[in-house]
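Here is a short report on a two-chain protein model. Keep the sequence and the 3D view open as you read.

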Amino acid sequence: MSELLGIFFAAFLINNILLIRFIALCSFFGVSTKLDTSIGMSSAVIFVMTVSSAISWIAYNTVLAPLHLEFLRTAVFILTIASLVQLEELYLKKAIPALYRAMGIYLPLITTNCAILAVAFLAIDYKYNFIQSMVYSLGVSGGYSLAIILFAYVRERTALAPIPKWFQGYPIAFITAALMSLAFLGFTRMFGL
Amino acid sequence: MMIFLASIMVLGLLGFVFAALLGMAADHFRVEVDPKVEAIAAILPGANCGACGAAGCYNFAERVALGEIVISGCVVGGKEVAEKIGSIMGVEVPSDYHKKIAAVHCGATTKDRKKLARYEGVAKCSAAHQLRGGGLACGFGCLGFGDCFCVCPFDAISMEGGLPKVDPDKCTSCGKCVAACPRRIISIVPHDFGAVIACSSKDPGAMVRKICPVGCIGCKICEKAVPEVYKVVDNLAVIDYSAQGVDPAPAIAKCPTKCIVK
């Protein structure tokens, strides 16, 4: 149990996917201008990342590893994740329209996000078992949500702040992200991880 | 060789399985879409310009079908599209529908403009405006570099004598030129109203007389001629476009500097 907690917090804070590993930065800057879009994106990431890391773990360990076809994992993961998200979208549209509308455009958008593929790869590189890889993907997606929602709060304030013209928009966003990244470095070595 | 065959088989099989699954799911989880949405979407211009406020033409169709947007909401399609949507929705086009176009509130062509200095900077209105108005004596008028002309997605603006001219047939009142003009001399007005103040100068009349032959001098003759429509505020005549049905023409003939145009 303590091992699972360790995996979760390492992924959630210490190796935060956005602020420490610098993966998925496109969505980090793209949809963080407003709080509600960043919440929509976060929910889509949590949903898609958990499901896709489960399915890619199964695909890797039941199909690719026994046949010694590990080199095919990029192609296979992309194929499985893309089809799966399509399937989820179809299902949500029919069964839970409210959730479908809440996630909206972010569900297909996040499918091609590098963070999703990175988590599938990393879980295999760390040689996690199924439960561990599920906890890991929850930790990563939780860390993503934490970082992007905090960032959206800051950006909503900076949008109104009297910032010099040449720093408005993306420049100040990058500076903000760098400062947040520095703050997250403070979590290094926490809990002895 | 074995590994070669195996990888083809695995990828092919996975692709086949997922394709079959998706095909089945698409059939099984089919959601009935309101046929009105499809019909409306087929009529719309499909420019996805966003001038209606919806996220693209399909979203506009969905929201019209739900009754969230009025049927004349598509500014590009105009009255024609509004009527077609009305026939699908079973609603009449409101009689107070008026086509809107962009109007230029400056009448000074290049030869009318008095210059205080020669501008040799970047040939853009936005650049000239920041550099003391490109040396122009008038602090309100058209700079003539055609930022509006460049930004118009419908080719509706042409530059004639250094002044933008709007083609009312092509203009869709999308508002891109309004945002592009650094001097804010373009606005969206009802097309069939029949009068536009071709001046934006808030300088006192005596000063306008010295620098521009076609500027508004704030003489209030138009206000006396048709008081329902014209009002002089800050040395500049403004038109109240809500006064529909009042003929603004008498003031056009009386304006001493001819700065009211049709």
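## A loop residue in chain A

Ala24(A) sits in the loop between helix H1 (2-14) and helix H2 (25-30) of chain A. Helices (H or I, at least four residues) and strands (E, at least two) are DSSP runs, numbered from the N terminus. This is a predicted model, where local features need pLDDT of at least 70, side-chain atom pairs count only at pLDDT 80 or more, and totals for chains, interfaces and linings use all residues. Residues are numbered from 1 along each chain as its sequence is written, chains are lettered from A and ligands numbered from 1 in the order in which they are written, and side-chain values use heavy atoms, leaving out hydrogens and water.

Is Ala24(A) buried or exposed? Ala24(A) is buried, with a relative accessible area of 1%. Buried means under 20% relative accessible area, exposed over 50%, and partly exposed in between (1.4 Å probe, protein chains only).

Most residues other than glycine have a negative phi.

| Residue | Phi | Location |
|---|---|---|
| Ala24(A) | about 65° | loop between H1 and H2 of chain A |

## The rest of chain A

Chain A has nine helices and zero strands. Along the sequence, its pattern reads α-α-α-α-α-α-α-α-α. Of its 193 residues, 48% are buried.

Look at H1(A). Its buried residues include Gly6(A), Ile7(A), Ala10(A) and Phe12(A). Part of their cover comes from helix H8 (130-160) and helix H9 (170-185) of chain A.

Contact means heavy atoms within 4.5 Å. Take the contacts in chain A between residues at least 6 apart in sequence: 78% of them join residues at least 24 apart.

## Where the chains meet

How many residues of chain B are in contact with chain A? The count is 17 residues of chain B, against 19 residues of chain A. Together the two chains bury about 1,500 Å², with 88% of it on carbon and sulfur atoms. Buried area is the accessible area (1.4 Å probe) that two parts lose on being put together, summed over both. Phe18(B), Leu22(B) and Phe29(B) supply 35% of the area that chain B buries against chain A, more than any other three residues.

Helix H1 (residues 2-28) of chain B gives the most to this side of chain B, with 13 residues. By class, the side of chain B that touches chain A has twelve nonpolar, four polar and one charged residues. Ala, Val, Leu, Ile, Met, Phe, Trp, Tyr, Cys and Pro count as nonpolar, Asp, Glu, Lys and Arg as charged, and the others, Gly among them, as polar.

Across this interface the rule finds zero salt bridges. A salt bridge is a side-chain nitrogen of Lys or Arg within 4 Å of a carboxyl oxygen of Asp or Glu.

Ser7(B) is in helix H1 of chain B. Ser7(B) counts as buried, at 11% relative accessibility. Leaving out residues up to four places away in sequence, Ser7(B) touches Leu69(A), Phe71(A) and Leu72(A).

## A hairpin in chain B

Strand E6 (residues 230-233) of chain B has alternating side chains.

Four bridges join E6(B) to strand E7 (residues 236-239) of chain B, and the two run antiparallel. Two strands pair if DSSP finds at least two bridges between them. Tyr230(B) stands opposite Ile239(B) in E7(B). The two strands form a hairpin with two residues between them, and Asp234(B) is in the turn.
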